[in-house]
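Me: Please take a close look at one part of this model. I want the packing described in a connected way.

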Amino acid sequence: MHAAALVLCPVDSPLPSPPEGEPLPHLQFERDGTALFVHLLRPGRTVVGRSDRCDLALPADGVSRIHCVIEQRPEGWEVTDRSRHGIQVNGTEVKRATLAVGDKLGIGPYTAVFGVEGDDRLRAPTATTPLPAAVYEEIVEITEEGVASNRARLQFVRGPREGESVVLDRARMSLGGPGSSIELDRVLPRAAAWVRVVRGRVMVEPGHAPAQLAGFRVRDITPALPGEEVRLGEHGFVLDAELVNESPRPLATFGEMVGSAPGMQKLFGVLYRMALHDAPVLIIGESGTGKELAARGLHDAGPRHEAPFVAMNCAAIQENLFESELFGHEKGAFTGAERRQDGAFHRADGGTLFLDEIGELKLDLQAKLLRALESGEVRRVGAAQPDYPDVRLVAATNRNLAEMVRKGTFREDLYFRLSVLPVRTPPLRERKEDLETLANTLLARNHPGSRLAPDGVEALKGYDWPGNVRELRNVLTRAVVLGGPVIHAGDLAFNPWAFDGEPRDPGPFPRGGDNERATIEAALDQTGGNRTQAARILGMPRSSLLYKLKRLGMME
């Protein structure tokens, strides 16, 4: 199920406008001819019903707890009946139908008109301006405490600047005279030489003056090994990697997520740092905490923002269709395969693939996913040759994957492959200072003209929100539909019965501890102490493994 959609509060700096003409699939809800609200359809699946576990909760006797499911399919947006009351499309009762613009969907006493344009309120811009990939650094670990990364440092070992050093914070920097990124003196020309940094590794590129690397003239882009001296005029310097630990800069927003709590603003800073890299991200959090919004923000803030964002809910796909949905199939590959079809990997080529509820995958399907991640090969069902789509993988779960690994229900090698950059989205009960901001944002987004009275704000803060932000959105929707534009405490109907038991704890932030030590020791034992091979088994860069060995006191 999708996390609640949030609109942005105003920010100090101007925001980029969304592209004109970009389709915005949505449902305009009406009752008895009165317009109620607009619900934006996110890629993937939207569950509609009376229960707060649904993505969209509608208060009425004619609405089932789970009434219908609306999914984005290759052929368009499809609605499927899941109720005992039935659904109608343009007045005709259906079990399944593909929606066209202008279709009227009947759900109990409500009518929802399907559209893709025409409501400017849906064009909420992102507060996170996309930036180029941060290839000048290699992130080795991200935790709730901060970010550890490898960066290149230029250390002068001879000449007028001997003893000085400069951290390289761009992918390509020039050295030389006035106007260079790093000015050495007035004798050298501008851009006498260049240094390139790719994931913490440094290369020297020839410029407008002769440069020597380890005693040889640099004529092409040449890797510089640690300790090798570069000579440029009377200057000599070496290029080494440096481990940098830092706390990300707090942000008030990230993508469509907003928050005033210090913990949330710190989380937004961490997510922004993650967005600039290509490493897999694992988002851990209870249902309704905004995991898909975080994934979408990672896509929108990074260098892949102009490419597709494809969301796939692993729990919503039949097991026998999962391989086809993920990898695609050839015509005639199985009964019903009437044409060649792209899978999620193909559709996300160049962009981001978001796998929601990854903890619901069966072990045999986990093995197939792992094989694709390890090899980079994606083979359609029935195909002889593989394809190699370029995707950034983001996965999410509300399950405790570490506990599942211990129980043998989730593959350990897949867990480490997915959790290169792990992050936790906190439940709403841990950030109640955000409630008023979140509620006002949701009202402005879905119900313009509605507002919370002071006693309504206090009532929101007195509830524990087992359904998190999704439940908050649904509670506000009920209050607006059943009450007036000013929401008082008496208008708020909480439905804790809609949630079966206590919220499921997705587990601790995956860092440190005896389990991590034991896993690394097992990998080293398996490889006879070869750290490069052990890092490959664990699905992490060798630099990340070395950092963990140092942090855990496992290096001699």
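Reply: K548 lies in helix 13 (residues 542-551). Helices here are DSSP runs of H or I with at least four residues, numbered from the N terminus. The model is predicted: local features need pLDDT of at least 70, side-chain atom pairs count only at pLDDT 80 or more, and totals for chains, interfaces and linings use all residues. Residues are numbered from 1 along each chain as its sequence is written, and side-chain values use heavy atoms, with hydrogens and water left out.

K548 has a relative accessible area of 11%. That value makes K548 buried (under 20%; exposed is over 50%, partly exposed in between, with a 1.4 Å probe and protein chains only). Leaving aside residues up to four places away in sequence, K548 touches E141, E516, I520 and M540. Contact means heavy atoms within 4.5 Å.

Now the packing of helix 13. Helix 12 (residues 531-538) packs against helix 13 at about 100°, and their axes are 9 Å apart. Axes are lines fitted to C-alpha atoms, for helices over the stretch in contact, and angles run from 0 to 180 degrees between N-to-C directions. Helix 12 is therefore roughly perpendicular to helix 13 (65 to 115 degrees; under 35 is roughly parallel, over 145 roughly antiparallel, the rest oblique).

From helix 12, R531, T532, A534, A535 and L538 take part; they meet R542, L545, L546 and L549 of helix 13. This contact divides into 6 nonpolar, 1 polar and 2 charged residues. Nonpolar covers Ala, Val, Leu, Ile, Met, Phe, Trp, Tyr, Cys and Pro; charged covers Asp, Glu, Lys and Arg; the others, Gly among them, are polar.

Terms used. Helices (H or I, at least four residues) and strands (E, at least two) are DSSP runs, numbered from the N terminus.
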